[in-house]
Amino acid sequence: MPSDPPPTPVTVVMPDGQTLTARLIEREQTPSGWRYLVGIAVWRNTDQGAVEAAEYRVWLDPSAQVKPIDGVSYDDVPRKLLPPPPTYPDPGPGEPWGWVLEKLPQRGRGESVLHVSDCPEAPAGAPVLKLEAALTAAENPRVRTCTVCRAATELDPLLRGFGHEDD
């Protein structure tokens, strides 16, 4: 029977600035950067009033809350990468390709939704925006990307970046 891999230690910076050694369990890439799942050894009380060892697991920001330990290899710690962005066929002749901005006048504050041009929720006859214009519009705090179509999937990573993991 295969044994569990040995714990991989990291230093965790606590909110009050103290540091402690924890166990790095997993690393996960998100659209806004990386996060690390660490296990922190703690004591807990049982229902019977005894004290036992336990592990508290929490996702932390490796740029501020988790620090590597010199001489420790992190090569065997599992990584979950973002899936590659979806690919879509090129539009056929006469089919517009781009994004459409839907104004929401009922909101009264100039709010809008950005759609892929073939989204069923996109307003008919609206001008089709190319990538740069769509990114400019999406950077406006009063514009959100549609979650029905693939506008959010396509534009959000370009706006926020994928971040880089510092090994």
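I started with Lys80, which counts as partly exposed at 45% relative accessibility. My scale calls a residue buried under 20% relative accessible area, exposed over 50% and partly exposed in between, with a 1.4 Å probe and protein chains only. The model is predicted, local features need pLDDT of at least 70, and side-chain atom pairs count only at pLDDT 80 or more, while totals for chains, interfaces and linings use all residues. Numbering runs from 1 along each chain as its sequence is written, and side-chain values use heavy atoms, leaving out hydrogens and water.

**Lys80 and Glu28**

I placed Lys80 in strand 6 (residues 79-80). Strands here are DSSP runs of E, at least two residues, and helices are runs of H or I, at least four; both are numbered from the N terminus. I then looked up the partners of Lys80. Leaving aside neighbours within four places in sequence, Lys80 is in contact with Glu26, Arg27, Glu28, Gln29 and Trp34; contact means heavy atoms within 4.5 Å. The C-alpha atoms of Lys80 and Gln29 are separated by 6.1 Å, though the two are 51 residues apart along the chain.

The side chains of Lys80 and Glu26 make a polar contact at 3.3 Å. For that I need N or O atoms within 3.5 Å; within protein, one must be able to donate a hydrogen and the other to accept it, and residues adjacent in sequence count only if both atoms are side-chain atoms.

Next came Glu28, in strand 2 (residues 19-30). Is Glu28 buried or exposed? I find Glu28 buried, at a relative accessible area of 16%. The Glu28 side chain makes a polar contact with the side chain of Arg35 at 2.6 Å. Beyond four places in sequence, Glu28 touches Gly33, Trp34, Arg35, Trp59 and Lys80.

**Cores**

I listed nonpolar cores: sets of buried Ala, Val, Leu, Ile, Met, Phe, Trp, Tyr and Cys joined through side-chain atoms within 4.5 Å. The largest has 16 residues, and Trp99, Leu114, Cys146, Cys149, Ala151 and Leu155 have the most contacts inside it. Strand 7 (99-103), strand 8 (112-116), helix 1 (131-138) and helix 2 (151-160) each give two or more residues to this core. Another core lies apart from it, with 13 residues, including Leu24, Trp34, Val38 and Val66.

I checked Leu114. Among its contacts beyond four places in sequence are Trp99, Leu129, Ala134, Cys146 and Leu155.

**Helix 1**

Buried in helix 1 are Ala134, Leu135, Ala137 and Ala138. They sit on the same side of helix 1 because they cover an arc of only 160° around the axis, taken from the directions from the helix axis to the C-beta atoms. Glu132 and Thr136 are exposed on the other side.

**Cysteines**

How many disulfides does the rule give? I get 0, with two cysteine sulfur atoms required within 2.5 Å. The nearest cysteine sulfur to that of Cys146 belongs to Cys149, 3.7 Å away. Cys149 is likewise in no disulfide. Cys146 is buried at 3%, and Cys149 is buried at 13%.

**Whole chain**

I counted 2 helices and 9 strands. Along the sequence the pattern is β-β-β-β-β-β-β-β-α-β-α. Buried residues are 33% of the 167 in the chain. Of contacts between residues at least 6 apart in sequence, 51% join residues at least 24 apart.
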